[in-house]
Amino acid sequence: MKSPYQSENTKIYLNFDMIGRIDSQHSANPNFVYALPINEKGKQFVDKLVETGKAYSPLLTFAFEFPDKEMKIEKRSDYLYFSDAGIPSLGFLTGLHSEYHTPADTPDKLNYTNMTNIARLAFALVWKESGMGKR
């Protein structure tokens with residue numbers, strides 16, 4: 001039986017992993033997000049992200065590369081499988097922190113405003129790319 005899901009019909013995959021807390025490199029900017037093109041096909045969305053961000057989440061500041069190349073962040077999350085399948089993939093994160101996966105990583109430390117801005121940006125991007133604004 002053939003799967004109803006056909007990867008060739010998938011225009012973009014977005015992954016949100018660790019968007020709640022800003023890393024120490026950007027702690028002075030509570031409106032920061034890494035918007036990482038995980039594969040070459042994902043790079044086509046960088047300009048669209050910036051444009052969409054200006055309209056829907058104007059406070060967001062972007063970085064499109066993760067600074068620690070040794071970490072190979074593009075291989076560390078669920079987007080790897082979509083990327084390997086040739087689907088344009090973007091990974092959103094706000095960086096790593098020392099309390100990751102510890103009892104000290106509590107909800108009171110999350111930046112809910114920034115998480116909302118990131119979600120608003122992603123929704124607007126998907127809305128535009130799906131052609132919903134033209135219907």
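These notebook entries record what I looked up about the salt bridges in this structure.

Entry 1. I noted that the model is predicted. I then looked up the number of salt bridges and found seven in the structure.

Entry 2. I began with lysine 11. Its partner in a salt bridge is glutamate 129, with 3.4 Å between the closest N and O atoms. I checked where the two residues lie: lysine 11 belongs to the segment before strand 1 (13–16), whereas glutamate 129 is in helix 3 (residues 112–129). Lysine 11 is partly exposed, at a relative accessible area of 47%, while glutamate 129 is buried, at 15%.

Entry 3. I stayed with glutamate 129 and found that its side chain also meets that of lysine 48 in a salt bridge (3.5 Å, N to O). Lysine 48 counts as partly exposed, with 32% relative accessibility.

Entry 4. I turned to glutamate 40, which forms a salt bridge with lysine 43; the closest N and O atoms are 2.8 Å apart. I recorded glutamate 40 as exposed, at 61% relative accessibility. Lysine 43 is partly exposed, with a relative accessible area of 45%.

Entry 5. Returning to lysine 48, I confirmed its salt bridge with glutamate 129. I then recorded one network, in which salt bridges with shared partners join Arg21, Glu99, Asp105 and Lys109.

Key
Residues numbered from 1 in each chain as written. Predicted model: local features only at pLDDT ≥ 70, side-chain atom pairs only at ≥ 80, totals over all residues. Heavy atoms only, no water. Salt bridge = Lys/Arg side-chain N within 4 Å of Asp/Glu carboxyl O. Helix = DSSP H or I, 4+ residues; strand = E, 2+ residues; numbered from the N terminus. Buried < 20%, exposed > 50% of the residue type's maximum accessible area, 1.4 Å probe, protein only.
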